[in-house]
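Morning, everyone. I have one chain to walk through today. Please have the sequence and the model up as I talk.

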Amino acid sequence: MKIISVILLTLFALLFSSCVKDKDQEGEIENYIEAGDKLPDFTVKNAAGEELNSEELEGQVTLLVFFVTTCSDCERELPKIEEVWKKLKENPDFRLVAVSREETVSTVNKYWEKEKFTMPFFLDPKREVFSLFANSTIPRLYLSNRENIVTWMAIEEMELTTEQLIEKINAIIKE
């Protein structure tokens, strides 16, 4: 019985830690992009294979989210992002770019269907875009202004309610 408990605790710790810090990363978490930095040049594709380049985000306030559907922290934060999407999707000054890291269209579609998400998503199958922002740890959220300058970011936990994030986005839109 004690051995089973130890095994279960170990498995739980490994599962939980996969969101906090990636298993394949050694050393400290490194952020390559911080508040005040310009978004790096990147291109992602949506489920239909259509490309979105970071230059296309200029002129809009953008919420960029990196996630994985099997990450417990992401599972906690994604419903908040969906609510932001529902409230702001009609605003032409707002753009949501939710990027799935190292997953397939099929995997994300199944998760979206299960969670009844309507927000768009993009794919980073080889982690190339994510690696421009950090070496590990998701979810990651970056809020950028019309000039693609990051004004706010969150790692693992947003620490804002949905309403507070919407207020933050609207304040930047009004600038």
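Predicted model: local features only at pLDDT ≥ 70, side-chain atom pairs only at ≥ 80, totals over all residues.

Start at strand β1, residues 43-46. One face is covered, and that face carries Val44 and Asn46.

Now the partners. β1 pairs with strand β2, residues 51-53, in the antiparallel sense, over 3 bridges. Look across from Lys45 and you find Glu51 in β2. The hairpin of β1 and β2 has 4 residues between the strands. In that hairpin Gly49 takes a positive phi, near 90 degrees.

β1 also joins strand β5, residues 122-124. That pairing is antiparallel too, with 2 bridges. Asn46 stands opposite Phe122 in β5.

**The whole chain**

Step back for a moment. How many helices and strands does the chain have? The secondary structure comes to 4 helices and 7 strands. From the N terminus, the order is α-β-β-β-α-β-α-β-β-β-α.

The chain has 175 residues, and 44% of them are buried. Take contacts between residues at least 6 apart in sequence: 71% of those join residues at least 24 apart. The chain exposes about 9400 Å². Carbon and sulfur atoms supply 54% of that area.

Confidence next. The average pLDDT is 89, and 85% of the residues score at least 70.

**Strand β6**

Now to strand β6, residues 140-144. Is β6 open or enclosed? Buried residues account for 5 of its 5 positions, so β6 is largely enclosed by the rest of the structure. Both faces are covered. Arg140, Tyr142 and Ser144 sit on one side, Leu141 and Leu143 on the other, and all are buried.

β6 has a strand to pair with in β3, residues 61-67, antiparallel over 5 bridges. Leu63 stands opposite Leu143 there. β6 is also joined to strand β7, residues 150-155, by 5 bridges, and these two run antiparallel as well. In that pairing Tyr142 faces Met153 in β7. The hairpin of β6 and β7 has 5 residues between the strands, and Asn148 takes a positive phi near 65 degrees.

Why does Leu143 count as buried? Its relative accessibility is 0%, and the cut-off for buried is under 20%, so Leu143 qualifies. Setting aside residues up to four places away in sequence, Leu143 touches Val61, Thr62 and Leu63, then Ile149, Val150, Thr151 and Trp152, and also Lys168, Ile169 and Ile172. Val65 is 78 residues from Leu143 along the chain, yet their C-alpha atoms are separated by 8.8 Å.

Then Ser144, also in β6. Ser144 is buried, with a relative accessible area of 1%. Which residues does Ser144 touch, not counting those up to four places away in sequence? They are Leu39, Gln60, Val61, Thr62, Ile149, Val150 and Thr151.

**Aromatic rings**

Last topic: the rings. The structure holds 10 aromatic pairs. Tyr111 and Trp112 make one of them: ring centres 6.2 Å apart, planes at 50 degrees, so the pair is tilted. Both Tyr111 and Trp112 are buried. Trp112 also pairs with Phe121, with centres 5.2 Å apart. The planes of Trp112 and Phe121 stand at 65 degrees, so that pair is edge-to-face. Phe121 is buried, as is Trp112.

There is also a cluster. Ring pairs link Phe42, Phe66, Phe130, Phe133 and Tyr142. Phe130 has a charged neighbour: Arg101 lies over the face of its ring, at 4.6 Å from the ring centre.

To recap two points. β6 has 5 of 5 residues buried, and it pairs antiparallel with β3 and with β7. Thanks, and over to you.

Terms used:
Residues numbered from 1 in each chain as written. Heavy atoms only, no water. pLDDT = per-residue confidence, 0-100. Buried < 20%, exposed > 50% of the residue type's maximum accessible area, 1.4 Å probe, protein only. Contact = heavy atoms within 4.5 Å. Areas by Shrake-Rupley, 256 points an atom, 1.4 Å probe, with all protein chains shown as cover. Phe/Tyr/Trp six-rings, centres within 6.5 Å; stacked < 30°, edge-to-face > 60°. Lys NZ or Arg CZ within 6 Å of the ring centre and 35° of its normal. Pairing = 2+ DSSP bridges.
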